[in-house]
Amino acid sequence: MASENSPLLAYRLLGEEGVAFPANGAGGPGATSARKLSTFLGVVVPTVLSMFSVVVFMRIGFVVGHAGLLQALAMLLVAYFILALTVLSVCAIATNGAVRGGGAYFMISRTLGPEVGGSIGLMFYLANICGCAICVLGLVEAVLDVFGADATGPNGLRVLPQGYGWNLLYGSLLLGLVGGVCTLGAGLYARASFLTFLLVSGSLASVLVSFVAVAPRDIPLTPLPGPNGSSLPPRVGHFTGFNSSTLKANLAGSYARDYTTGAMMTFVSVFAVLFNGCTGIMAGANMSGELKDPSRAIPLGTIVAVAYTFFVYALLFFLSSFTCDRTLLQEDYGFFRAISLWPPLVLIGVYATSLSASMSSLIGASRILHALAQDDLFGVILAPAKVVSRGGNPWGAVLYSWGLVQVRKYLLRLDVRKDHVKFWRPQLLLLVGNPRGSLPLLRLANQLKKGGLYVLGHVTLGDLDSLPSDPVQPQYGAWLSLVDRAQVKAFVDLTLSPSVRQGAQHLLRISGLGGMKPNTLVLGFYDDAPPQDHFLTDPAFSEPTDGTREGGPPALSTLFSPPRAPGSPRALSPQDYVATVADALKMNKNVVLARACGALPPERLSRGSGGTSQPHHMDVWPLNLLRPRGGPGYVDVCGLFLLQMATILGMVPAWHSARLRIFLCLGPQEAPGAAEERLRALLSQLRIRAEVQEVVWGEGAGIRELEEEGYFENSGWGDAEAEALACSANALIRAQQGRSRSGGPGGPEGGDEEEGPATALTFLYLPRPPADPARYLRYLALLEILSRDLGPTLLIHGVTPVTCTDL
């Protein structure tokens, strides 16, 4: 044993002289003087206060008013049955050996091992940190409800200023008080908890006496808001005293809307609130390092606390059901104050439970953190948490925890200023005109998002000044039903605008929230292909021929108009289409134009694995084929963006069998091999597995002549020369799509031509639109020639760096 040096093994069974003690840790020899707390002060008191919290004062009426007495008692039995299983597990572990500091973490790590204990202990620590913050904020809210300048109700004193800064100040002061008590040691915490326990017990006793001593009375309720900001007539609830008719009316459940949130309550939502008040059973176990006899105190004290709180909850349920009508229970959750012999005592109980719960969470978190630090599971990061006072109080861990609690929100804030290439994800805005003709693209974009944001955008043409009401709001239901039926994970954002282009600008600017905003615009390709009605062929949208569903909402086929007839006018002109692409690039958004996505087989767009499908290729052309002399073999930001999007799609289960091929174009005079070697080195650094092929940019007709005449260097080509370049590039791509892997360039010499795997999807470099709007139509025509007859194709222009080889 002496040669073993694992931190966890330092808690060895026997020392060198056969005496049982840990070599270090919260329960080491230096901490023996800290073991002063009895079962009552160290376990019963903190556990009772944590289990009561504010629920016992503010949510008894909520539970009984909505669920009724019988269902409320059923919920209580279910909740305490769950607690009993946990308590019995804690008792079994606590009585199985010497229990040191660290509470639940210590017991789990010594029973199940350091890996399980460390992971659970860390999560349990963070849960206590968040719990402390919530309790402090709840206490601030409870104080401001009575003393705040914006307090409502007849009993508001309105003496404390309110606002974000003031609320932060109040929370910081209360947290400072809590942190000061915990820093000075478990002894002061125990005395403060005992004082709080007396206040809470006195407050509960006054409530119980009030049920018997107070005469029947009418209790005014907060007026509900009416239309146009007016208030509805005042209402009252009734405290009837002990009345059998009242009890009979309160036996069954009667779920209604929560008057504080407007949400409709259910059995599950009410049980969630009740169960939150039954947690906190680990508050005593977290004090294991300060207990005189933890192996006896933890199981005994926890069982006593659980039994006591169960009895109090059940008694309050019964008394409330016997004396208060349903209206009072559902419309005034703080009715204890209204029926109390001395209402301020109820407020004292509310404040005391919130304060004690925050102290319990903070001191429990500090003990867990100290034990984690002593076991060196997280190295020097937690070194300050090892510091203890002469009496064994881990004040370093308390300060560490206090700093994390001090309102934690900055750790959760999404800030666009903190964007980093390593955290980049495609966050897509797909503009859809009519979803009946866009289902394949809608599903393909869902696969491209890779866990990022996905927004379906639609522009309704019109001017709100000339309309009697907003035509957009009634459309949301149909679009949300579309998202559900198509089985995609997307948000819906609709807007009203005089033109599609202006509407697209609105959506690009305002969609999303904070750092979660679209960075990529996806559009269908603008061509003359007749639109297809995918609602008629997709099994997920199969509906009765009359377009109705018996007993259900209208069919989607009736909510979206049929696709436009061939040759009919469009809502978007070709000039505005290219202008929308230019607008997105000006706004620093990436652009994806999708062509012929309807040709993708259903299994490629499904959510299944696709592992049994025939192997296919995904071809990536990361160079601008309309201006290839930008540098042969050179891949810029846009080319890397193409690689990233293709790699992301290959991670989707339905595309696992697709093999990634990357094509590099060489000039007729270019030596093969050099560009391919550079690209392979880059792919190795980026951990992208792909097949790289070099093709000679000169095999297509007319390319050599264009190069010799300097057209690649001239931005003012004539239409004929530019079309010849686009046709040659298109022919080059189609030749590679149809060429077998064994007989093509780079394959074995003399190999026979065999039919190889087909190309499932082609990724092409999308050139920037010209600066002159007069050339938009020619630009769109070149794109049409470049991507003609290639099958499903994505033309992509990326402006966002998406790869990084630095740590």
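Trainee: Which residue of E7 does Leu521 stand opposite?
Mentor: Leu521 faces Val591 in E7. Keep in mind that we're looking at a predicted model here.

Trainee: Okay, and how do E6 and E7 pair, parallel or antiparallel?
Mentor: Parallel. Strand E6, residues 520–524, and strand E7, residues 590–595, pair that way over 5 bridges.

Trainee: What sort of sheet are they in, and what's the strand order?
Mentor: An open one of 10 strands with mixed pairing. The order reads E5-E4-E3-E6-E7-E12-E11-E8-E9-E10.

Trainee: Which strands stand at the edges?
Mentor: E5 (491–497) and E10 (691–696). Each has a single partner strand, so one side of each has no neighbour in the sheet.

Trainee: And how much twist is there from one strand to the next?
Mentor: The average is 25°.

Trainee: Which strands does H16 lie across?
Mentor: Helix H16, residues 439–448, lies across E3 (428–431), E4 (454–461), E6, E7 and E12 (793–797). Relative to E3, H16 runs at about 175°.

Trainee: What about the loop between E3 and H16? Where does Val432 come in?
Mentor: Val432 sits in that very loop. Val432 is buried, with a relative accessible area of 4%.

Trainee: What does Val432 touch, if I skip residues up to four places away in sequence?
Mentor: Ser438, Leu456, Gly457, His458 and Trp479. Take His458: Val432 and His458 are 26 residues apart in sequence, yet their C-alpha atoms are 5.4 Å apart in space.

Trainee: Where does Asn588 lie, and is Asn588 buried or exposed?
Mentor: Asn588 is in the loop between helix H20 (574–586) and E7. Its relative accessible area is 51%, and the cut-off for exposed is over 50%, so Asn588 counts as exposed.

Trainee: What about Asp789, what's the phi there?
Mentor: Near 60°, again a positive value in a residue other than glycine. Asp789 lies in the loop between helix H26 (776–786) and E12. Asp789 is exposed, with a relative accessible area of 63%.

Trainee: Where does H3 bend, then?
Mentor: At Gly68, by about 115°.

Trainee: And Ser358, which helix is that in?
Mentor: H13, residues 343–374.

Trainee: Is Ser358 buried or exposed?
Mentor: Buried, with a relative accessible area of 1%. Leaving out neighbours within four places in sequence, Ser358 is in contact with Cys132, Cys135, Val136 and Val178.

Trainee: Let's zoom out. How many helices and strands does the protein chain have?
Mentor: The chain comes to 26 helices and 12 strands.

Trainee: How many of the residues count as buried?
Mentor: 49% of the 807 residues in the protein chain.

Trainee: Last one. What's the accessible surface of the chain, and what share belongs to carbon and sulfur?
Mentor: The surface is about 37,500 Å², with 60% of that belonging to carbon and sulfur atoms.

Methods
Residues are numbered from 1 along each chain as its sequence is written. This is a predicted model: local features need pLDDT of at least 70, side-chain atom pairs count only at pLDDT 80 or more; totals for chains, interfaces and linings use all residues. Side-chain values use heavy atoms; hydrogens and water are left out. The bend at a residue is the angle between axes fitted to the seven residues ending there and the seven starting there. Helices (H or I, at least four residues) and strands (E, at least two) are DSSP runs, numbered from the N terminus. Buried means under 20% relative accessible area, exposed over 50%, partly exposed in between (1.4 Å probe, protein chains only). Contact means heavy atoms within 4.5 Å. Two strands pair if DSSP finds at least two bridges between them. Axes are lines fitted to C-alpha atoms, for helices over the stretch in contact, and angles run from 0 to 180 degrees between N-to-C directions. Accessible areas come from the Shrake-Rupley method with a 1.4 Å probe; for residues, only the protein chains shown count as cover.
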